[in-house]
Amino acid sequence: MTTPAIGYVHSTESFGSVDGPGIRFVTFMQGCRMRCEFCHNPDTWNMGGGTPYTADELLAEALSYRDYWGSKGGITVSGGEPLLHIDFLIEYFKKAKEEGVHTTLDTCGQPFTYEEPFFSRFEKLMEYTDLLLFDIKHIDNEKHKRLTMHGNENILNMSMYLSKINKPVWIRHVLVPERSDDDNDLMRLSDFIQSLGNVYKVEILPYHKLGVYKYAALNIPYKLKDIEPPTLERVENANRLLKVQDYKDYQTN
């Protein structure tokens, strides 16, 4: 008998409305390798924390809210970085699909690699994944390293692979003044997104400071303390340059 995979959960949200179509049960997994300067959940970074769940345990909790999902809702797994729990995700999403539940994965793609054993597991996960919310932090590799402490080559590779298999994606981009709101970079990002054939929605997420208090509590220096959220004009500019209006919202069947 196979031992069930264990996932370590930071927290859950019963009535999520911004992490995929409809009303969703959202799970935030523990652990992330990237150190995004704008991250508002640094308490999810440590892989050693969180509450252990089996897929059956988490799905039972999720299904208790099913009556509220309507025809478009379902489950979303976010983070931290959920792909660090890929074996757990495969079990969770497989069991969810057996129950007819719409599945969404919210990821920045950092763990992606074509190397084994990860890639075969990722292919299996995609069999049970209906939609990805895919964060592209920066199109420029060097600026991506400054912003997140990691490069973006494998992240862009994952984007292109998802396009190759025609897996529905919403692209998200956090707009941070002095970091990720340069017009030339936004136009490069737009060109890259347009080269993909599977993008149903593009979202600009304005940088905010709602998680700053967590840095103080964890005794972690906050690198963006002197940077304010973007103005409405800069958000509108980013929406225009990324041609947000050209992408039709993804709908469930």
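Helices here are DSSP runs of at least four residues, numbered from the N terminus. With that in hand, let's walk through this structure, which is a predicted model.

Which residues line the largest cavity? They are H138, I139, H173, S180, D185, L186 and L189. Helix α6, spanning residues 183-195, gives the largest share of that lining, with three residues. By type, the lining splits into three nonpolar residues, three polar ones and one charged one.

Now look at R179. You'll find R179 in the loop between β7 (169-175) and α6. Is R179 buried or exposed? Its relative accessibility is 15%, and buried means under 20%, so R179 counts as buried. The side chain of R179 makes a polar contact with the side chain of E37, at 2.7 Å. Leaving aside residues up to four places away in sequence, R179 touches E37, H138, R146, L147, K223, L224 and I227. One of those, H138, also turns up in the lining of the largest cavity.

In soluble globular proteins, nonpolar side chains tend to be buried together. Here the largest nonpolar core has 70 residues, and the members that touch the most other members are I75, L83, Y92, F122 and L125. Helix α2 (residues 86-98) provides the largest share of this core, seven residues. For a closer look, pick F122: not counting residues up to four places away in sequence, F122 touches L83, I86, F112, M158, Y161 and L162.

Note on methods: Residues numbered from 1 in each chain as written. Predicted model: local features only at pLDDT ≥ 70, side-chain atom pairs only at ≥ 80, totals over all residues. Heavy atoms only, no water. 1 Å grid on protein atoms, 1.4 Å probe; cavity = no way out; pocket = protein on both sides within 12 Å on 5 of 7 lines; lining within 4 Å. Helix = DSSP H or I, 4+ residues; strand = E, 2+ residues; numbered from the N terminus. Nonpolar A, V, L, I, M, F, W, Y, C, P; charged D, E, K, R; others polar. Buried < 20%, exposed > 50% of the residue type's maximum accessible area, 1.4 Å probe, protein only. Polar contact = N/O pair within 3.5 Å; in protein donor to acceptor, adjacent residues only side chain to side chain. Contact = heavy atoms within 4.5 Å. Core = buried A, V, L, I, M, F, W, Y, C linked by side-chain atoms within 4.5 Å.
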